[in-house]
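Here are my notes on the model, as numbered points. Please read them with the structure open.

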Amino acid sequence: LAVKTSRKLKLSDKEVKVIQYVASVHDIGMTKVSDDILNKTFHLSSEEIKQIQGHPRKGTDLMRPLEFVELVSNIILYHHERVDGLGYPMGLSGDDIPLGSRILAVIDAYQSMTTAKPYREPLTPREAVNELIECAGRQFDSVVVDKFVEVLVDDKAMSKQHAGESKKQLK
């Protein structure tokens, strides 16, 4: 999904390859968060939330020894930033957030919403798309959300019932 969205955004082949790689390792910092926290089925404490929110920095630290880290480290570090500036770890906004991070934020959110968690049932693809559309321009880059929805519709990744609907119809 990250590669297809990157292509819809007309990124270069090199940029697409970087996004493809980063998409596969962007949450590597979660390996440094205790399983007790990751598997918790009730509310997290403020300290536990801080540990979860530290995963982009931990992931960047884990990737630092690799030669190509400069290409991927900022994408990993900033994949939880929000276009409205209310994200973490730095509170970046808009175009100050690397495009790769903005792409990853949408893909990551969609996959998280459509995956069962110990603390909640998954959303349907349609519900998740509606949530992305609702949050476009605040949490997520609107252009990235538009291109991602095009990918889902083009690939018929959503249920047969919704595959032909436009994003306006999904809302």
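1. Start with the contact pattern. Of the contacts in the chain with a separation of 6 or more, 55% are between residues 24 or more positions apart. Bear in mind that this is a predicted model.

2. Next, secondary structure. The chain has ten helices and zero strands. Along the sequence the pattern reads α-α-α-α-α-α-α-α-α-α.

3. Burial. The chain counts 171 residues, and 39% of them are buried.

4. The core. The largest nonpolar core holds 32 residues. Within this core, Leu132 and Phe140 touch the most other members. Six elements are listed as giving two or more residues each: α1 (2-8), α2 (13-25), α6 (69-77), α7 (99-113), α8 (125-135) and α9 (142-155). The top contributor is α7, with eight residues.

5. Now the pair α7 and α9. Their axes lie 10 Å apart, at an angle of about 50 degrees. The crossing of α7 past α9 is right-handed.

6. Who meets whom in that pair? From α7 come Leu99, Arg102, Ile103, Val106, Ile107 and Tyr110. From α9 come Val144, Val145, Phe148 and Leu152. By class, this contact has nine nonpolar residues, no polar ones and one charged residue.

7. A second pair to check is α4 with α5. Helix α4 covers residues 46-53 and helix α5 covers residues 55-63. The angle between them is about 35 degrees, and the axes are 5 Å apart.

8. What makes up the α4 and α5 contact? Gln51, Ile52 and Gln53 in α4 meet His55, Pro56 and Lys58 in α5. By class, two residues are nonpolar, three are polar and one is charged. For α7 with α9, the corresponding counts are nine nonpolar, no polar and one charged.

Key:
Residues numbered from 1 in each chain as written. Predicted model: local features only at pLDDT ≥ 70, side-chain atom pairs only at ≥ 80, totals over all residues. Heavy atoms only, no water. Axes fitted to C-alpha atoms, helices over the stretch in contact; angles between N-to-C directions. Helix = DSSP H or I, 4+ residues; strand = E, 2+ residues; numbered from the N terminus. Contact = heavy atoms within 4.5 Å. Nonpolar A, V, L, I, M, F, W, Y, C, P; charged D, E, K, R; others polar. Core = buried A, V, L, I, M, F, W, Y, C linked by side-chain atoms within 4.5 Å. Buried < 20%, exposed > 50% of the residue type's maximum accessible area, 1.4 Å probe, protein only. Left-handed = near helix turned anticlockwise from the far one by under 90°.
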